[in-house]
Amino acid sequence: MAEAGISWVRIGEFAWSRLEPSAGVFTFDWLDRAIEVLSNAGLKIILGTPTCTPPRRMLEQFPDMLALDAQGQPRKFGARRHYCFSHAGYRAASGRIAEILGDRYGRDTRIHGWQIDNEYGCHDTVLSYSDAARDAFRDWLAARYVTVEALNAAWGNVFWSMEYGDFDEIDLPNLTVTQPNPSHELAFRRFSSDQVVRYHEVQVAALRVRTDRPLIHNYMGRVLDFDHFEVGAALDIASWDSYPIGFLSDRLEASAAHKIRYLQQGDPDMQGFHHDLYRAVGKEGRWWVMEQQPGPVNWAPFNPAPLPGMVRLWSWEAFAHGAEVVSYFRWRQAPFAQEQMHAGLRRPDDAPAPGLAEVTQVAREIAQMPDIALQQAEVALIFDYPSEWAWTTLPQGQGFSYFALMLDAYRALRAQGLSIDILPSTVRDLSGYRLVLAPGLATLPDGLEAALTGAVTLIGPRANAVTPEISIPLPMGPNLAGLDVTVTQVETLPPQIARTVKGGGALHHWVETLEGTAQTSYETDNGQAVVKHTGNLHYLAGWPDATLWARLVADLAKQAGVNTREMPEGVRLRATQTHVFAFNYNAEAVAFDGVTIPPAGVHWWPV
Amino acid sequence: MAEAGISWVRIGEFAWSRLEPSAGVFTFDWLDRAIEVLSNAGLKIILGTPTCTPPRRMLEQFPDMLALDAQGQPRKFGARRHYCFSHAGYRAASGRIAEILGDRYGRDTRIHGWQIDNEYGCHDTVLSYSDAARDAFRDWLAARYVTVEALNAAWGNVFWSMEYGDFDEIDLPNLTVTQPNPSHELAFRRFSSDQVVRYHEVQVAALRVRTDRPLIHNYMGRVLDFDHFEVGAALDIASWDSYPIGFLSDRLEASAAHKIRYLQQGDPDMQGFHHDLYRAVGKEGRWWVMEQQPGPVNWAPFNPAPLPGMVRLWSWEAFAHGAEVVSYFRWRQAPFAQEQMHAGLRRPDDAPAPGLAEVTQVAREIAQMPDIALQQAEVALIFDYPSEWAWTTLPQGQGFSYFALMLDAYRALRAQGLSIDILPSTVRDLSGYRLVLAPGLATLPDGLEAALTGAVTLIGPRANAVTPEISIPLPMGPNLAGLDVTVTQVETLPPQIARTVKGGGALHHWVETLEGTAQTSYETDNGQAVVKHTGNLHYLAGWPDATLWARLVADLAKQAGVNTREMPEGVRLRATQTHVFAFNYNAEAVAFDGVTIPPAGVHWWPV
Amino acid sequence: MAEAGISWVRIGEFAWSRLEPSAGVFTFDWLDRAIEVLSNAGLKIILGTPTCTPPRRMLEQFPDMLALDAQGQPRKFGARRHYCFSHAGYRAASGRIAEILGDRYGRDTRIHGWQIDNEYGCHDTVLSYSDAARDAFRDWLAARYVTVEALNAAWGNVFWSMEYGDFDEIDLPNLTVTQPNPSHELAFRRFSSDQVVRYHEVQVAALRVRTDRPLIHNYMGRVLDFDHFEVGAALDIASWDSYPIGFLSDRLEASAAHKIRYLQQGDPDMQGFHHDLYRAVGKEGRWWVMEQQPGPVNWAPFNPAPLPGMVRLWSWEAFAHGAEVVSYFRWRQAPFAQEQMHAGLRRPDDAPAPGLAEVTQVAREIAQMPDIALQQAEVALIFDYPSEWAWTTLPQGQGFSYFALMLDAYRALRAQGLSIDILPSTVRDLSGYRLVLAPGLATLPDGLEAALTGAVTLIGPRANAVTPEISIPLPMGPNLAGLDVTVTQVETLPPQIARTVKGGGALHHWVETLEGTAQTSYETDNGQAVVKHTGNLHYLAGWPDATLWARLVADLAKQAGVNTREMPEGVRLRATQTHVFAFNYNAEAVAFDGVTIPPAGVHWWPV
């Protein structure tokens, strides 16, 4: 590792059965030896708490700790993440193992950071329908609504005689005859996110008093069932696990042609989006890639190898977006168990795997380069987990996805050469930003509206369309001061259908009908307003296709005084204070700005 | 409402939690006020029994009242229709609430009619696999077969050693290793339909003695799991809930091109089919549309808005088919709960929604028009619920659907400009009909054959193909006096394959081989008989495509002395004693018979 | 039957409820009469044990005998095969009914053979997740691994803290949060196969001592969840149930065009493959077709009729591959229960069905023909059930199928006019074979490598890629003496993508990266080795398309001195000592070798 230029190493994150082979009996000798060896080689160690993989014995103590799926089936031992976040006994046990590790290694100077648990929510594990979850949900509801009458009113339970007489009558919103009340489901999603936070904070508390080193969690790409900002609030550094090729085939709405074009590269915007997101999740913008795909993985529907150069490209892209560290998963391919076909930097027989040379090259390049200094972007995009939950709960049209809408907006911005800051909906100071986009923001929090006044701003579709309880607000949305626009009707369209827009492009998936005196700046060929605005504040009445997005971004940027440039397909820019980087996600070389960027190539210019 | 020309209003159909907020405690004041306000405005009220939405508390009394799905999972509280039709306790409770409402409002002259429950069977709720259903099924079997030996013989249980020694050994036909005995499954479907009838009749009995006003149920479109004729037999008026755009995307076998063409209009034949069906279900032909789609709804995969004009078109089409009343669902869009995205005639903020103007126009037009008088059609189509169950139980080929076959036949007739009466298979007097079609009639009831002698008649495919117990009859079908035809072999074909017919058109999906001395009037290019007939009685050996249907209908109509005319695509006629109506389901204007019917337009001529 | 030339008849295989109508009460009179009638007509009888269909009463005695599916749901009574192979009580009961039948009929000279049970594994019945299975699995594991530490080591349970402290902690590998440890799943699959063998052997033991007649099982096509070689080891004759048209639509990976082309014929290689497989399964090559499709069946997604001639073709193809007997299912179409739409040789009304004339023709032709003498083929293909389980457990790419890979190889050989012997991986003597193919052989058993030295041999992809415990071996595969090749990387590709090969053809689905000094004989257009070899031993680095397969087979055959000829599409040859047969699976006549073979026709030449 040291020879390859690697300086950080994460260990221990799944090792509970070896740390505590029987209840209360701990064996640290193997870990001590590992720490010794790694540290002697000059590597800085991140130690993981092993709570993602409770050992089998834990089930003897807590037979009811298993999560249950929406069909009421137990999610059994035999893989990982089988615990229910709401199980108090397991939550306490997780705190205890964190305390024990903290007691032993918290002041060990060889341990330079801590990872808590591993990939919360991976494998759809946030929502659990166990008895523990049900009981905790009732408590959470009682705390939120105080009286069941208040809950009935907030949810509109008069509809279909769904009124409750007592909090103990409220069940989890699964297995209903047809869809449950969306207020019920959204409450359960808010609760479930809160349970992750609550579970998480027990370990944070255990470690904070035992170490001064940074606390980290490694989020998994496109896991959206809990609020990462809230988990991140208790941490020092955000990190995420980046599997560009796996995500392309498994977690991306895209055409077959797009998936074929980027088969061995990954989507050109998926990584940048997450980089920018986790820069916002991390305290003071501190963030890492904790796991970077180094070769073919095992878990996607199809698992091709990265094109030569992509491991380097992904690494540099992360650094250009501000990553402090890019770590690779894994060092050596494990020859056994579930991930035996997951490539490492070394093969199972310990020979170098193809990714290793690229990693070594990156390390050499990094060493030779002056530090990259970040700068605030001119463009901000607001990302809001509760909006994801709201629209998952109430999609109105098959396949409506808040994340996909956000990624489309992000893609449109980057296709115009822009660098972006992603911000939470809790932001109240947008000074310095010239252009702000907030598509799909279900409920504008108090205070955000005021912050939106400075920059050129695009909100909609579905902006302020529901209350926090998921009902239609009165007056109806978006209900923004200074913008006389009301959404009076909503339509969802099948994939083959679009409403074409004068001048080019179209709305698809989602179309709103607008009313109000604000000025119409775009309209459909049949005269329906697509964008209305007053001054800097623009409302977008649907889901644009790529052509319309390009027009919108170019026009808004011009109004905002932000320079754009149309990028070649598959090429992305990232501007820092010190450098401008270009990344070529294509399998062919691309001429750009006087240079030829090779396939899967990176180029940078000092500013 | 009164200003819009609305004269009827339905209330109370989901209000149990407000009518009886705790067990035995009733609050009628809010309902009394509503009745007073509505009645003072001149509106005639339909009062619903709220049994579709039992309140949460009912589960304390009857923990086992929930329906179970075929996987054995409870269908939990939190939406609607969660009760099992076989639960005796809930059935009695439903009767009691009907009695209480009848006692209070049965003689109230402001109440002009009663709706019992709401949309029986919606959300696949007829079949329940609960213990209550199992026990009731055993009783039903014992009553039907008397001895278990008779049941074994009727079902052919000697096959695969499925013989039972006692009725109590018979389980519900779910979760079997491979398909259950079709006789077992069909018996369960017959039983399940009977349980709906039995449940229903308790409320009918409760109300009959307490009111003289008509009793009504609102059937949901394409819900086929119970016999509507049998439920309707106890009622005065049939009504149905018509959601043309929702049905197009959710409940119709059709090509993608068809679904795009009619995206904002609905299928041109789906509404007419149901109108004609419910005219047969209603006593003496009395029927309503209880819920007419007024704008985008919330529950279909995609929910676009109706084209301007369609709300008027749908309303007029209903009147042309004999509806006494067309009521719209709903008056005001509810801002909360499951249907918050379901349009009303008024928006959530009480401003008029687009549909209201069309409704007002229809009311004005109706007021200015002399009454429409119906007449018996020249063409009859026989619709039979047990055939739907038989072929669902024993489809023989993927996707075989009795309903789709019937709708194809209906579509072919209407594409030739014909008006149609739909009749139950219990009909014994077909006098006045010149042409009768009965495709897919699984078992010809005793007596129907005799009634078929007058008109030109087309039966088949699958006519008299099974006994009422779903076994192959001997002699084999169709076994009709005066028609020497036997089906000797049956084939099902994948969608890409068809057997082309001499002269044009083809059979697809389903093809039978015929034997017998009857004359062959159509045959495939490779010489297989497609239609054989003797005199007026024709047997059809498969499922025709649209081209072959058109030929068949034209030829049979000619033989029957019925005039046809080929209609422009998407235009439909409906003839009454007093008027002929034309409906243009296209998004473009169509020239027809000297007039230009605008997009989504209606035209009528006095006779 | 006798008139049609039929000489064998199978009876009794589902008749338990009639043999033993109540516990311990037997009624043999009906069976005695049947035996008498059939025997008097000169028919040789196969008597079946009825254990595939335990009567309902058995559930009173063994309520826990039902198999459970992977969701933990019982597989209920009401069809067949509902028993769990691991239930000791039912296993004993199965032995007892075999004893009773053996006692009564074992020495009856009219009984010429015995069929044990019926279609083991049909309807996915090998894997059961019952308590009986779980307990037996623990015992099986304890026997296999002796200590739980050994099991932990073999499975790599240190991964994700999956270590067990006791065999009783080990559950069945269903319902885990994400995939279970593949070692765990493979062990369960091995165990499940062993349970079939163990269940089977109880009946074998019961009959062996009671009869000298051959014991037979009728395997179902493409049922792969248990090791047929191991079940067959205890039997005298292998037989299988051949439904070419049902298999085409239900059990074959193929393009839509292929499925349409062969809609009424079946795939041209599916039957031959199974014939050759069961010749290997049968003791000393003895095998039958126990059930031959005679017309349209009832259970496939679509059920068209065989083209005229196909029943004869299928029969002759079986004889050409060495079948001793071809029996048809069924004699008369049963008019009731699940298979009422399954054609027989006679119709439900006892008239001859279309297949009967062809069967009669075959019987006449057979009678006129000198015996067919088989010969060892020049080409061998190795088929290995554990490889099927290994790759089902660890597919690495969506849809990877060992069976499909094998069938592709088989198809490529037959498309070159070759006759093939299929051999188990336990073979140690390959003398006489000039060309041996062993694609996808997960683990080369000890001793096989040595046997591979004589012939021209092609192994790979995935050859020796895992240990018997499903982990990556060190040194990594294929690790063959005399062939310096190592697979260093594996990729799976989506269906639209392929890696083209210099000279024509491509790899799809699966691509390996090779390293080593062996000579490269094929490579991709971008220079990746596709085949490497040293002397006669060739390693194939991926899944060839049809074009590449054709090139490979032609080249390897040439090297082996085996003559090939490119066959017309859909025409297949089969060479015996005495005759060469040609089968035309096309719906059109084909000119071949100076003769014109009619559609669905057979031609043979004496050698």
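Me: How many residues of chain A are in contact with chain B?
Reply: 47 residues of chain A touch 47 residues of chain B, where contact means heavy atoms within 4.5 Å. Keep in mind that this is a predicted model, where local features need pLDDT of at least 70, side-chain atom pairs count only at pLDDT 80 or more, and totals for chains, interfaces and linings use all residues. Residues are numbered from 1 along each chain as its sequence is written, chains are lettered from A and ligands numbered from 1 in the order in which they are written, and side-chain values use heavy atoms, leaving out hydrogens and water.

Me: And what area do chain A and chain B bury?
Reply: About 4200 Å², with 59% of it on carbon and sulfur atoms. W160(A), S161(A) and V177(A) supply 19% of what chain A buries there, more than any other three residues. Buried area is the accessible area (1.4 Å probe) that two parts lose on being put together, summed over both.

Me: How many salt bridges between chain A and chain B?
Reply: Three, counting a side-chain nitrogen of Lys or Arg within 4 Å of a carboxyl oxygen of Asp or Glu. One of them pairs R347(B) with E515(A), with the closest N and O atoms 2.9 Å apart.

Me: Which strand of chain A gives the largest share of the side that touches chain B?
Reply: Strand 13 of chain A, with five residues. Strand 13 (483–492) and strand 15 (506–515) each supply at least two residues of that side. Strands here are DSSP runs (E, at least two residues), numbered from the N terminus, and helices are too (H or I, at least four).

Me: Switching to chain C. What's the contact there?
Reply: 47 residues from chain A and 46 residues from chain C take part. The buried area is about 4300 Å², of which carbon and sulfur atoms give 59%. On the chain A side, K76(A), F302(A) and Q338(A) lose the most area, together 17% of what that side buries.

Me: Which side chains form a salt bridge there?
Reply: E163(C) and R18(A) do, at 2.6 Å, N to O. The count between chain A and chain C is three salt bridges. As for helices, helix 1 (16–19) and helix 10 (256–261) of chain A each supply at least two residues of the side touching chain C, and helix 1 gives the most, with three.

Me: What rotation superposes chain A on chain C?
Reply: 120 degrees, with 0.0 Å of shift along the axis and an RMSD of 0.0 Å. The two copies are thus related as by a three-fold rotation axis.

Note on methods. Least-squares fit on C-alpha atoms with pLDDT ≥ 70 in both.
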